[in-house]
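User: I'd like to learn how to read the packing and the charged pairs in a model. Could you take me through them step by step?

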Amino acid sequence: MPTSQLAAAMRADIAHGRAPLTLGDLVDRWSSLPVRSAKPGASTFPNRGPLDRHVLPRLGNRIAITITRADVERLMSTLHADGQPSVAAINSALAALKRALELGVRHGYLPSNPALGVRPIPRPA
């Protein structure tokens, strides 16, 4: 997002009495909303564990609107290069991050989801 658009979005948040959300704040909101369960009448909450373990320690204090697709791709590459966690855990974190950021788009905190289009890491054969 160009700097001028970022500044305009942050000014709009402040004008509406909203402090810009960090990624950690956005994940807190996302994980507090129940989702439908496969069982009729039941609901569960999103699994934020992969984000707590792998994403928030690195990006949790960043203002959510400043996170770019390049940041998400770099995070996934860094996690994979470190060899820990597993590919499955990295992909699980990416899927959860996409869902949390999508909530930010739906609620007007973000203009777009920077994790959309980021491909999961291929599983080893």
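User: Which residues is Leu23 in contact with, leaving aside its neighbours within four places in sequence?

Analyst: Contact means heavy atoms within 4.5 Å. With those neighbours left aside, Leu23 touches Val55, Leu56, Leu59, Gly60, Arg62, Ala64, Ile67, Leu97 and Leu101. Before we go on: this is a predicted model, in which local features need pLDDT of at least 70 and side-chain atom pairs count only at pLDDT 80 or more, while totals for chains, interfaces and linings use all residues. Residues are numbered from 1 along each chain as its sequence is written, and side-chain values use heavy atoms, with hydrogens and water left out.

User: How many residues does the largest nonpolar core have?

Analyst: The general idea is that in soluble globular proteins, nonpolar side chains tend to be buried together. A nonpolar core is a set of buried Ala, Val, Leu, Ile, Met, Phe, Trp, Tyr and Cys residues joined through side-chain atoms within 4.5 Å. Buried is under 20% relative accessible area, exposed over 50%, and partly exposed in between (1.4 Å probe, protein chains only). Here the largest core has 30 residues, and Leu23, Leu26, Leu51 and Val55 have the most contacts inside it. At least two core residues each come from α2 (23-31), α3 (49-59), α4 (69-82) and α5 (87-106). The largest share, nine residues, is supplied by α5. Helices (H or I, at least four residues) are DSSP runs, numbered from the N terminus.

User: Now the charges. How many salt bridges does the structure hold?

Analyst: A salt bridge is a side-chain nitrogen of Lys or Arg within 4 Å of a carboxyl oxygen of Asp or Glu. The structure holds six. One of them joins Arg58 and Asp82 at 3.5 Å, N to O. That pair links distant parts of the chain, with Arg58 in helix α3 and Asp82 in helix α4, 24 residues apart.

User: Is Asp71 buried or exposed, and what does it pair with?

Analyst: Asp71 counts as buried, at 10% relative accessibility. Its salt-bridge partner is Arg62, with the closest N and O atoms 2.9 Å apart. Arg62 itself is partly exposed, at 28%.

User: Where do Glu73 and Arg69 lie?

Analyst: Both are in helix α4, four residues apart, about one turn of the helix. Glu73 is partly exposed at 34%, and Arg69 is partly exposed at 39%.

User: Which residues are linked in a network of salt bridges?

Analyst: Asp28, Arg48 and Asp52 form that network.
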